[in-house]
Amino acid sequence: MPETNTYDAVIIGAGVIGCAIALDLTRRGFKTLNVDRGPAPGHGSTSWSAAIIRPYYSTIDGTALAYEAHFAWRNWLDYLGYRPESALHYHEIGCLVLEATDNRQLSGTRAILREVGVPFTDVAASELPEWLPGADLRQFSPARRIDDPQFGETAGDPITGAIFCPTGGYVSDPQLATAQLAHAVEQAGGQFRFHDTVLAIHQSAGKITGLTTDKSGLIHAPVVINAAGPASRWVNGLVPEAHQPEHISTRPLRQEVATIPMPQAPHGPSLRFVMTDADAGIYMRPEQSGTLLIGSLEPACDVLEYLDSEDYETSLTDQWTNQVWRAALRFPELGIPNTAQGFAALYDVSEDWIPIYDRSDVDGYFTAIGTSGNQFKNAPLVGGLLGHLIESVMNGADHDSTPLQFRLPVSGRDVGLGAFSRRRPINRASSFSVLG
């Protein structure tokens with residue numbers, strides 16, 4: 001068989017997750033290939049990420065992973081192992097999380113942060129005007145759509161407080177981050193093939209033997225990893241024996257993110273941090289261009305648009321309008337443009353918004369799926385997690401019977417990989433939103 005078409009592992013997808021997995025595997029000595037139908041690294045759903053770095057999730061393991069990932073972004077050059085020509089900016093501005101009925105006044109979040117050891121500061125209601133100059137700090141819960149006659153109504157009760165996590169912020173260019181990851185993969189010996197679509201995944205006697213792609217033909221490999229983002233559901237369909245009906249699954253969800261001019265207070269921008277506002281059903285972050293990004297936290301009033309294909313409406317809709325108007329409740333000086341700006345994209349999500357990092361029922365087939373929207377920040381750690389999982393399972397570890405542990409390099413804490421199993425029950429403690 002041709003040497004050029006024989007690999008130790010093939011990763012389907014070259015987004016931030018697929019590239020991070022490839023980097024770890026190449027450093028473990030695997031001969032890797034990333035196959036992607038796009039034109040370059042990070043040109044799929046990764047390019048539409050808000051690229052927020054935050055440590056708070058609904059689970060202890062998810063929070064521990066996210067807090068650890070912060071150190072990789074802070075020490076990006078050490079993680080890459082080389083100095084790229086273009087600087088990647090991690091804006092470590094911190095994250096402000098407002099208390100709300102929908103997040104149980106953050107009681108669970110505080111407990112998890114304390115358990116993991118994530119630093120945070122309690123912000124009293126009386127202090128919030130200093131943190132959010134010009135903001136209307138009344139409660140508007142529950143979040144409503146603008147066609148609701150009660151939209152914007154409030155009993156006048158103030159937001160009761162918040163927490164501030166200093167170890168957070170955002171990455172200025174998720175596509176650049178992925179390109180730099182891909183270059184690190186190539187320096188370590190990994191390869192990429194773009195504009196190439198997977199047509200079939202092959203197995204024999206319950207074990208993966210390779211795959212066939214549109215351009216490259218038959219590729220031999222004992223390990224195939226599905227990191228295909230919103231296409232992950234269809235990639236899994238090429239290996240129907242790999243996932244049973246009772247397993248956690250994924251499907252694409254259409255999302256919109258609004259971009260508008262930053263509202264201004266007397267002494268500067270109204271928002272200087274990443275902000276999670278469950279009371280208004282949105283998250284916001286500043287952008288270095290003087291704009292504000294606004295996304296949805298999937299409140300009950302928003303209809304979630306799950307799709308059965310990857311064809312979706314790319315134009316912005318009334319969802320954009322609803323998100324922006326909810327932001328205007330919080331910041332009355334916010335100017336609402338006449339023309340909608342921002343983007344619509346597909347997110348790959350599971351039933352409980354917690355990703356699936358796991359083996360499958362077919363030996364050699366692994367998944368890193370359900371990651372869109374809330375796992376960009378974790379990519380450097382996901383690479384190591386999958387590398388550890390793949391190497392252990394291929395060497396005989398029975399991960400299904402005895403779930404593996406993954407040691408976080410900075411904190412030294414062990415993360416139980418059973419939390420990301422395809423066989424886990426739906427996590428009822430999840431936020432069931434992009435917050436995970």
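This is a predicted model: local features need pLDDT of at least 70, side-chain atom pairs count only at pLDDT 80 or more; totals for chains, interfaces and linings use all residues.
Of the residues listed, Y90 is joined to H70 by a polar contact of 2.8 Å between the side chains.

Helix α2, which spans residues 60-74, also packs against helix α9, residues 379-394, with the two axes coming within 7 Å. The axes cross at roughly 110°. Angles of 65 to 115 degrees count as roughly perpendicular, and α2 and α9 are therefore assigned to that class. On the α2 side, the contact is formed by L65, E68, A69, A72 and W73, which meet P380, L381 and L385 of α9. By residue class, the contact of α2 with α9 comprises seven nonpolar residues, one charged residue and no polar residue.

A further buried position is T367, located in strand β23, which covers residues 365-369. The relative accessibility of T367 is 0%, so this residue counts as buried. When residues up to four places away in sequence are not counted, T367 touches N226, N236 and H243, together with I356, Y357 and D358. L386 is also among the residues that T367 touches.

How values were computed:
Residues are numbered from 1 along each chain as its sequence is written. Side-chain values use heavy atoms; hydrogens and water are left out. Helices (H or I, at least four residues) and strands (E, at least two) are DSSP runs, numbered from the N terminus. Buried means under 20% relative accessible area, exposed over 50%, partly exposed in between (1.4 Å probe, protein chains only). Contact means heavy atoms within 4.5 Å. Axes are lines fitted to C-alpha atoms, for helices over the stretch in contact, and angles run from 0 to 180 degrees between N-to-C directions. Angles under 35 degrees count as roughly parallel, over 145 as roughly antiparallel, 65 to 115 as roughly perpendicular and the rest as oblique. Ala, Val, Leu, Ile, Met, Phe, Trp, Tyr, Cys and Pro count as nonpolar, Asp, Glu, Lys and Arg as charged, and the others, Gly among them, as polar. A polar contact is a pair of N or O atoms within 3.5 Å; within protein, one must be able to donate a hydrogen and the other to accept it, and residues adjacent in sequence count only if both atoms are side-chain atoms.
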